[in-house]
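Here are my notes on this model, point by point. Please read them with the structure open.

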Amino acid sequence: MRVANKAGLHAADRVELDYLEHSSELLENLSGCAANGPLLWTVSDEGHTIACLERHDSNYSLTGSIKIDHWVSEIPGEKGDELDLESLDFASGFLWVCGAHCKVRRKPQTDELLNSEIRERKSRRLLARIAFESDGRTPTRVDLRKVLEEDLFLSPYRELPTKENGIDIEGMAVIDDRIFVGLRGPLVGGFAVVFELYLDDRFRIASLKRHFLKLDGLAVRELARVNASLLVIAGPVGESQGPFALYRWNPEMDAAPTKVFAWGVVAEKPEGMCITSIEGKDGLLVLYDSPQARIRGATFEADWFKGI
């Protein structure tokens, strides 16, 4: 797959992520990633585990994993419920993880979509950070769903499920003491929505700022930080195969995002991304949904764009 070059950036190289003996089901559902030095953390939206891979030359191989349930206490919902984890970030010694916070529609048995049940999935309402310390664990979490439902612009969409313009978080990035969450839905007046959060010492929301982004009618599908700027994968709210594009946005300037890549309409949907360094050069690592051509046994082939 070729990516349209909008800013003189280098074409993508393939980087292998070797998960050793893990099943292809995990690789088919990779949804987020975060880098910390030579380590790469990845998560699947179907599971409760975060994988840790270590870089060797230009590729990565699995070195361990952690169970979310072990590190984060009082996960909402029933034990074993799907967490629908969508995004990771590593900042200031913390590994951050964010779920979709969405409602879901049960797949209808017939063509009567509007009569199918919409379910509340409390297990998906998770924003947490994990600190790896020698003296033990420091689990903290917060539920954003109630706050988002009370927002003036989002409240009309609170009963809608994911992929039908309902409230649905798909991107998260941390800059200093600010947490940015990007919404796949809803689009509000054709604008995508990103919330900027400040948390207090007790991990409660101290303030909330809303941003509307002009992404050519697309929604946020992932966020990643580059210094004081954010990269935004933009894509459709629903299940269509595009178009997908990559934007760069500086929340300090609060100016319109600038498009830097365009995937167009594709079978492989860009799903997760993070900035990482390979062979001394910084670049953007991108994971894809529907990646059958990228999976060989327990190995996933990600894209890495130099010079982002």
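1. Arginine 124 is buried, at 8% relative accessibility. Buried here means under 20% relative accessible area, exposed means over 50%, and partly exposed lies in between (1.4 Å probe, protein chains only). Its salt-bridge partner is glutamate 82, with the closest N and O atoms 3.3 Å apart. A salt bridge requires a side-chain nitrogen of Lys or Arg within 4 Å of a carboxyl oxygen of Asp or Glu. Arginine 124 sits in the loop between strand E10 (118-120) and strand E11 (127-133), and glutamate 82 in the loop between helix H2 (68-71) and strand E7 (85-91), so the pair ties together parts 42 residues apart in sequence. Glutamate 82 is partly exposed, with a relative accessible area of 23%.

2. A word on the basis. This is a predicted model, in which local features need pLDDT of at least 70 and side-chain atom pairs count only at pLDDT 80 or more, while totals for chains, interfaces and linings use all residues. Residues are numbered from 1 along each chain as its sequence is written, and side-chain values use heavy atoms, with hydrogens and water left out. Helices (H or I, at least four residues) and strands (E, at least two) are DSSP runs, numbered from the N terminus.

3. How many salt bridges does a search of the whole structure find? The count is 25. Another of them joins aspartate 216 to lysine 259 (3.7 Å, N to O). Aspartate 216 lies in the loop between strand E17 (205-213) and strand E18 (219-226), and lysine 259 in strand E21 (residues 258-264), so this pair links distant parts of the chain, 43 residues apart. Aspartate 216 is exposed at 53% relative accessibility. Lysine 259 is partly exposed at 36%.

4. Aspartate 303 pairs with arginine 294 in a salt bridge, the closest N and O atoms being 3.1 Å apart. Both partners are buried: aspartate 303 has a relative accessible area of 3%, and arginine 294 stands at 1%. Salt bridges with shared partners join Arg14, Glu16, Glu268, Arg294, Arg296, Glu301 and Asp303 into one network.

5. The largest nonpolar core has 22 residues, and Trp96, Leu127, Leu144, Ile179, Val181 and Phe195 touch the most other members. Such a core is a set of buried Ala, Val, Leu, Ile, Met, Phe, Trp, Tyr and Cys residues joined through side-chain atoms within 4.5 Å. Strands E8 (94-99), E14 (168-175), E15 (178-185) and E16 (192-199) each give two or more residues. E16 gives the largest share, four residues. A second, separate core of 20 residues includes Leu17, Tyr60, Cys274 and Leu287.

6. Methionine 172 lies in strand E14. Its relative accessible area is 0%, so methionine 172 is buried. Beyond four places in sequence, its contacts (heavy atoms within 4.5 Å) include Trp96, Leu127, Ile179 and Val181. Valine 181 in turn touches Met172, and also Leu144 and Phe195 among others.

7. On the surface, Leu152, Phe153, Phe191 and Phe212 form a nonpolar patch with about 380 Å² of accessible area together. Phenylalanine 153 is partly exposed, at 33% relative accessible area, and lies in the loop between helix H3 (145-149) and E14. Patch members have over 30% relative accessible area and no salt bridge; like charges are joined within 9 Å, nonpolar side chains (Val, Leu, Ile, Met, Phe, Trp, Tyr) within 5 Å. Areas come from the Shrake-Rupley method with a 1.4 Å probe, and for residues only the protein chains shown count as cover.
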